[in-house]
Amino acid sequence: MTAAVVLTSACTTTEKVSVMQPGDRAMTCTQLRAEFAKLDAVKADADKDKGVNTANVAAVLLFWPAAAGNYLNARDAQQLVEQRRTHLMGYYNERQCDNP
């Protein structure tokens, strides 16, 4: 049982966002800025999951494929964040959110 707990704690979970979500087109400039802030937080979490942390050290020591999985999972999450940011920037620019 202890080994299962240790192996489970060796995996990280980075949130993955959907690139397109219902309601995107209707978002206001304020809502778009808030969504960009959320995306920044998800990306920061993914950056931590890719780096040296307790879960990744445990994964390398106990079950090295988990460390590779953590890295790839975080990389995928970062790619989805960038794709969503690009998608939302289209609406942001269309609404001229930077212009008063």
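Biologist: Which residues does the disulfide join?

Modeller: Cys-29 and Cys-97, with an S to S distance of 2.1 Å. A disulfide here is a pair of cysteine sulfur atoms within 2.5 Å. The model is a predicted one: local features need pLDDT of at least 70, side-chain atom pairs count only at pLDDT 80 or more, and totals for chains, interfaces and linings use all residues. Residues are numbered from 1 along each chain as its sequence is written, and side-chain values use heavy atoms, with hydrogens and water left out.

Biologist: How many disulfides does the structure hold?

Modeller: One.

Biologist: Is the link of Cys-29 and Cys-97 left-handed or right-handed?

Modeller: Left-handed, with -85 degrees about the S-S bond. Cys-29 sits in helix α2 (residues 29-50) and Cys-97 in the segment after α4 (64-94), so the link ties together parts that are 68 residues apart in sequence. Helices are DSSP runs of H or I, at least four residues, numbered from the N terminus.

Biologist: Are Cys-29 and Cys-97 buried or exposed?

Modeller: Cys-29 is buried, and Cys-97 is buried too. Buried means under 20% relative accessible area, exposed means over 50%, and partly exposed lies in between (1.4 Å probe, protein chains only).

Biologist: Switching to charges. How many salt bridges turn up in the whole structure?

Modeller: Seven. The criterion is a side-chain nitrogen of Lys or Arg within 4 Å of a carboxyl oxygen of Asp or Glu. One of them pairs Arg-84 with Asp-24 at 2.8 Å, N to O.

Biologist: Where do Arg-84 and Asp-24 lie?

Modeller: Arg-84 is in helix α4, and Asp-24 is in the loop between α1 (2-9) and α2, so this bridge ties together parts that are 60 residues apart in sequence. Arg-84 and Asp-24 are both buried.

Biologist: What about Lys-43 and Asp-47?

Modeller: Their side chains form a salt bridge at 3.6 Å, N to O. Both residues lie in helix α2, four residues apart, about one turn of the helix. Lys-43 is partly exposed at 29% relative accessible area. Asp-47 is partly exposed as well, at 38%.

Biologist: And which residue does Arg-75 bridge to?

Modeller: Asp-76, at 3.5 Å, N to O. Arg-75 is partly exposed, with a relative accessible area of 34%. Asp-76 is partly exposed, with 30%.

Biologist: New topic: Asn-73. Which side chain does the side chain of Asn-73 make a polar contact with?

Modeller: That of Lys-16, at 2.3 Å. A polar contact is a pair of N or O atoms within 3.5 Å; within protein, one must be able to donate a hydrogen and the other to accept it, and residues adjacent in sequence count only if both atoms are side-chain atoms. Asn-73 lies in helix α4 and is buried, with a relative accessible area of 18%.

Biologist: Last one, the greasy part. How many residues make up the largest nonpolar core?

Modeller: It has 12 residues, including Val-17, Phe-36, Val-81 and Tyr-92. Such a core is a set of buried Ala, Val, Leu, Ile, Met, Phe, Trp, Tyr and Cys residues joined through side-chain atoms within 4.5 Å. Cys-29 and Cys-97 are among its members.

Biologist: Which element gives the most to this core?

Modeller: Helix α2, with five residues.

Note on methods
Helix = DSSP H or I, 4+ residues; strand = E, 2+ residues; numbered from the N terminus.
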